[in-house]
Amino acid sequence: MDLDRHDFQLDELVDRIKKNDNQLVALQVPEGLKIQALEMMDSIEGESGARVILAADPCYGACDLVHDKMKMMGVELVAHMGHSQMNIDSGMPTHFIPVTYDGAPELAEVIPILDSHRRIAEERLSSTDKEEFSEEEAKEKFLDAVGRFSPLEDSRLGLVGSIQHLHLLENYKEMLEEQGYDVEIPVGGDRLTLPGQVLGCNYSGDSSKIGHYLFLGSGDFHPIGLVLHTGKPLAMLDPYTGDATEMSFDRIERILRQRFGLIMSVGDSSSFGILIGEKPGQMRRNLALRMKRLLENHGKKGYLLALDHVGPDLIDFYPVDAFVNTACPRIAIDDSTRYSKPLITPYELEVALGEKKWEHGYQFDEIP
Ligand code: SF4
């Protein structure tokens with residue numbers, strides 16, 4: 001990552017610290033930017049006169065705001081970098097520091113991919129789906145990323161990105177419209193702050209008007225979630241490298257086969273650990289309690305386990321048959337092979353217990 005091309009917007013933070021006369025501030029920085037954290041601390045301390053404590057635990061999102069422990073240390077303000085505010089209250093005054101990257105990749109390379117995806121979207125728009133399925137057909141449909149999309153009303157291109165590239169979207173929308181695309185920058189629910197924003201756990205901007213996507217960002221974390229959630233074709237344009245690629249349906253179907261296997265494997269399990277995330281934006285206590293009730297209704301046992309971080313060495317040893325995760329949804333999807341016992345999402349438990357039907361296709365575990 002070329003750190004010199006990132007703009008860390010610290011001025012507003014310094015102004016706020018001075019205005020409030022804060023003496024002790026906690027700084028939270030995403031993993032990829034931690035290498036620059038000490039330099040930032042020097043800069044904030046030098047310009048504001050406050051003391052800065054780095055919250056050095058891993059931080060992967062605005063769901064993970066530091067809260068009561070920092071309060072106990074006497075911290076008056078949390079400065080959270082690289083993520084935007086979501087619909088949670090950590091109980092601490094928090095200042096969000098935007099980070100933007102100045103790279104703007106050429107569109108030319110991604111156009112052939114977008115053209116082929118638009119054709120898929122147009123074919124889908126004109127196709128109609130069957131209403132009734134046999135059990136076998138329903139399971140096939142579950143595994144079929146291509147065939148399990150919900151009905152479309154249009155074949156628009158949805159333009160999304162990760163947060164440090166969202167400032168590019170309006171400009172790219174215009175350029176794509178000049179190329180003949182009908183472009184929408186989706187606006188999501190309360191967990192998302194900015195138009196075109198996606199999170200690994202929330203793709204609520206998706207609509208039946210969008211037939212395919214272009215993602216501006218790097219890595220496959222957001223693309224995997226978006227295609228798992230929507231079943232729609234997705235092209236990726238990386239502002240750091242300029243590379244244009246697509247999220248392959250084969251890759252998504254491999255993940256769906258793995259989810260299918262895990263669901264089948266817990267059918268006879270009798271005891272489950274139900275994981276509750278302690279991070280403010282991951283805590284789904286009511287969902288965890290609903291899963292416990294559901295298990296009890298099926299004559300099974302559910303143990304509620306609350307954790308800040310979830311990892312194999314923290315849970316593998318419990319004498320249960322499987323785990324249901326209500327913390328960050330991506331732990332079950334992206335990391336399940338690291339665990340020695342099946343780790344499934346709440347929706348997957350409902351399918352395993354026969355409460356949800358296979359034929360409705362895979363339902364991504366979204367935090368609203
Ligand atoms: S995907 Fe996980 S880590 Fe990222 S914002 Fe959502 S809950 Fe937090």
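These are my notebook entries on a predicted model, taken topic by topic.

**Domains.** I started with how the chain is divided. The domain assignment gives domain 1 (3-100), domain 2 (108-247) and domain 3 (256-360). I then looked up domain 1 against domain 2: their centres, taken over C-alpha atoms, are 32 Å apart. Contacts link 9 residues of domain 1 with 9 residues of domain 2. On the domain 1 side of that meeting place I found 7 polar residues, 2 nonpolar ones and no charged ones.

**Ligand.** Which residues surround the ligand? I listed Tyr60, Gly61, Cys63, Leu199, Gly200, Cys201, Gly281, Gln282, Cys328, Arg330 and Ile367. Sorted by class, that shell holds 6 nonpolar, 4 polar and 1 charged residues.

**Core.** Next I went to the largest nonpolar core, which has 85 residues. The members that touch the most others are Val25, Ala26, Leu27, Ala79 and Leu214. Strand β9 (residues 210-216) contributes the most to this core, with 5 residues. Skipping its neighbours within four places in sequence, Val25 is in contact with Ile17, Ile44, Ala50, Val52, Val75, Glu76, Leu77 and Ala79.

**Sheet.** Strand β9 turned up again when I checked an open sheet of 5 strands, ordered β8-β7-β9-β10-β11 with mixed pairing.

**Thr326.** My last stop was a loop residue. Thr326 lies in the loop between β14 (322-325) and α11 (329-335). Is Thr326 buried or exposed? I counted Thr326 as buried, because 26 other C-beta atoms lie within 10 Å and the cut-off for buried is 20 or more. I also looked up what Thr326 touches, not counting residues up to four places away in sequence: Ile274, Leu275, Ile276, Gly277, Arg284, Leu287, Ala288, Met291 and Pro346. For one of these, Leu287, I noted the spacing too. Thr326 and Leu287 are 39 residues apart along the chain, and their C-alpha atoms are separated by 7.0 Å.

Definitions and conventions
Residues numbered from 1 in each chain as written. Predicted model: local features only at pLDDT ≥ 70, side-chain atom pairs only at ≥ 80, totals over all residues. Domains from an automatic or database assignment. Contact = placed C-beta atoms within 7 Å. Nonpolar A, V, L, I, M, F, W, Y, C, P; charged D, E, K, R; others polar. Near = placed C-beta within 6 Å. Core = buried A, V, L, I, M, F, W, Y, C linked by C-beta atoms within 7 Å. Buried ≥ 20, exposed ≤ 12 C-beta atoms within 10 Å, placed from the backbone. Helix = DSSP H or I, 4+ residues; strand = E, 2+ residues; numbered from the N terminus. Pairing = 2+ DSSP bridges.
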